[in-house]
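Keep the sequence and the structure in view as you read.

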Amino acid sequence: MSPFPSPSLSAASSTAFRFLPAGLGDTEDLERYAPGGLHPVSLGDVYDERYRVVHKLGAGGFSTVWLARDEAEQRWVALKIVVADHSAAIETKHVANQQAALRCGSQADSKLAVEYRRFTIDGPNGRHLCLVLPVLGPSASQLSCFLDSRITPRLARKAAYQAAQALANLHAQGLCHGDMTTANIAFGLSDIDRYTEDHLFNLFGTPETAPLETESGEEPGPEAPPFIVKPLDFLASEENIIRWDVQLLDFDQSFPTSSPPEDMLGTPPEFLAPEVAVGLSASPASDVWALGCSIFRLRSGQGPFSSIEVWSPGEALVIIVRTLGNLPDEWQRVLFDHQGQPTRDHEKGTPLPESTDSRSLRDLVYNIYDKPENGIVETGKIRPGYQAWDEAENVPYPPSFADMAWKPKATKIDNVYLHGYDDETDELLKAMPKIPETEAALLHDLLSKVFVYDPAERITVEEMLSHSWFHMDRGDPLPHGH
Ligand SMILES: Nc1ncnc2c1ncn2[C@@H]1O[C@H](COP(=O)(O)OP(=O)(O)OP(=O)(O)O)[C@@H](O)[C@H]1O
């Protein structure tokens with residue numbers, strides 16, 4: 001059990017829902033179609049007299065992102081439309097830093113995906129910042145996600161190296177990213193501008209939509225769109241247009257190394273460096289910690305300090321301590337409030353709870369599992385079958401993705417597909433083939449230089465770039481077509 005009540009869970013349980021789920025899987029938070037929230041976008045809308053919305057690319061905590069045709073330049077763009085409440089803050093807070101990131105990103109081969117331009121939209125829910133971005137493929141969080149999706153070891157090393165190069169590039173310019181997570185590492189697409197709208201629909205299907213309905217049966221007002229759109233799935237096509245290249249995106253939290261923000265970073269706690277979690281400043285070293293977490297997730301499908309119990313800095317520290325041992329003495333005196341945030345207020349704060357169990361970074365690394373040959377493992381045991389909720393989960397990616405990604409849930413162990421988070425799955429995972437020992441030794445060596453408490457002792461991203469784990473494939477040509 002978590003020592004802190006989860007803010008997100010308690011907020012959700014106390015809120016009545018206005019809208020019925022759209023039944024399209026993972027979409028934006030529909031309740032944010034309200035004043036101050038998301039802009040209601042419909043397919044076919046034209047913004048800034050030139051961007052025609054053709055499909056949806058995704059949604060995040062603060063925005064919806066749309067595939068749009070730029071009629072002025074005859075090219076595809078991603079329109080990121082930020083919630084109204086957040087727009088002004090992003091616009092004013094980091095303009096200078098973003099400009100610096102833009103300058104840095106405009107250099108050839110910077111591996112930073114920076115916006116082409118920005119404008120604002122006035123709508124029923126307020127004024128929204130709208131960023132015009134290059135269209136990218138799936139994020140590393142989508143492609144390397146627990147039992148749903150994994151990337152091949154070779155691609156994991158390449159993507160990790162490129163993410164490290166991108167971060168080194170930023171650091172060399174005196175900037176920190178501030179939100180270095182797998183959600184902000186995205187795979188590129190091979191020349192999407194060569195496709196017409198019809199061609200894209202042939203590849204990925206026409207947009208799937210569902211009417212937006214309210215719990216009460218009343219008609220939604222102008223604050224909500226009439227239809228919700230299912231995001232385009234780049235892995236749903238037989239043709240693979242995803243490149244073996246990644247870019248770093250989202251510079252909303254970037255800052256000059258010389259003036260770190262005073263507030264806690266908005267980074268998901270599982271990527272938060274321990275010094276930041278105890279209330280000290282973010283720095284290039286805290287980016288390196290987050291990069292280490294991202295590298296582990298790229299290679300294994302999950303973060304080293306991820307868990308359903310990690311919602312706050314305090315909870316992240318509990319799992320870090322369980323893995324790396326006691327915090328430095330001074331940090332042990334820091335108190336945490338009931339939401340797991342560090343506080344100096346002795347009335348509101350309590351020390352971190354003592355860790356009762358432990359695990360090692362070494363075990364985490366050496367237990368990374370890989371795809372079995374042909375997606376099948378036979379142990380000789382007879383196991384009871386398991387009925388998946390959605391049989392599509394057990395269908396592997398099309399063959400054109402074979403050298404890039406695989407689905408653990410399409411893996412059969414004895415007669416059972418890998419399915420969910422229960423004791424049986426833990427048992428099934430033991431039968432999966434593990435990362436080769438030579439690679440595990442290198443990865444463990446790299447990560448033990450990253451996951452060091454003292455930021456001054458932590459490896460720099462520049463130093464990381466020469467580590468042998470990244471260069472294991474040196475001399476081996478990339479798979480055909482990459
Ligand atoms: N340039 C892009 N090209 C293609 N898809 C994109 C692009 N930018 C974002 N997306 C898609 O939109 C989703 C949301 O984007 P993003 O994570 O940047 O939003 P956000 O509101 O800043 O969210 P958060 O802060 O929660 O990460 C991403 O997961 C991705 O699927």
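Angles under 35 degrees count as roughly parallel, over 145 as roughly antiparallel, 65 to 115 as roughly perpendicular and the rest as oblique. This is a predicted model: local features need pLDDT of at least 70, side-chain atom pairs count only at pLDDT 80 or more, and totals for chains, interfaces and linings use all residues. Residues are numbered from 1 along each chain as its sequence is written. Helices (H or I, at least four residues) and strands (E, at least two) are DSSP runs, numbered from the N terminus.

- Two packed helices are described by the angle between their axes and the distance between the axes.
- Axes are lines fitted to C-alpha atoms, for helices over the stretch in contact, and angles run from 0 to 180 degrees between N-to-C directions.
- Helix α8 packs on helix α13 (residues 437-450) at an angle of about 155°, and their axes are 9 Å apart.
- The two helices α8 and α13 are therefore roughly antiparallel to each other.
- The crossing of α8 past α13 is left-handed (the near helix is turned anticlockwise from the far one by less than a right angle; right-handed if clockwise).
- From α8, V288, W289, G292, F296 and R299 make the contact, and from α13, L443, L447 and V450 (contact: C-beta atoms, placed from the backbone, lie within 7 Å).
- By class, the contact of α8 with α13 has 6 nonpolar, 1 polar and 1 charged residues.
- Ala, Val, Leu, Ile, Met, Phe, Trp, Tyr, Cys and Pro count as nonpolar, Asp, Glu, Lys and Arg as charged, and the others, Gly among them, as polar.

**Helix α5 against α8**

- Helix α5 (residues 153-172) packs on helix α8 (residues 284-300) at about 165°, with axes 9 Å apart.
- That angle makes α5 roughly antiparallel to α8.
- Here α5 passes α8 in a right-handed crossing.
- On the α5 side, the contact residues include A156, A160, A163 and L167; on the α8 side they include D287, L291, I295 and R299.
- The α5 contact with α8 counts 11 nonpolar, 2 polar and 2 charged residues.

- Strand β19 (residues 412-413) pairs with β20 in the antiparallel sense over 2 bridges.
- K412 has Y417 in β20 as its bridge partner.
- Another open sheet has 3 strands in the order β15-β14-β16, with antiparallel pairing.
- Its edges are β15 (342-343) and β16 (350-351), each with a single partner strand, so one side of each is left without a neighbour in the sheet.
- Strand β14 (residues 335-336) and β15 are antiparallel and pair over 2 bridges.
- F336 stands opposite P342 in β15.

Terms used. Contact = placed C-beta atoms within 7 Å. Pairing = 2+ DSSP bridges.
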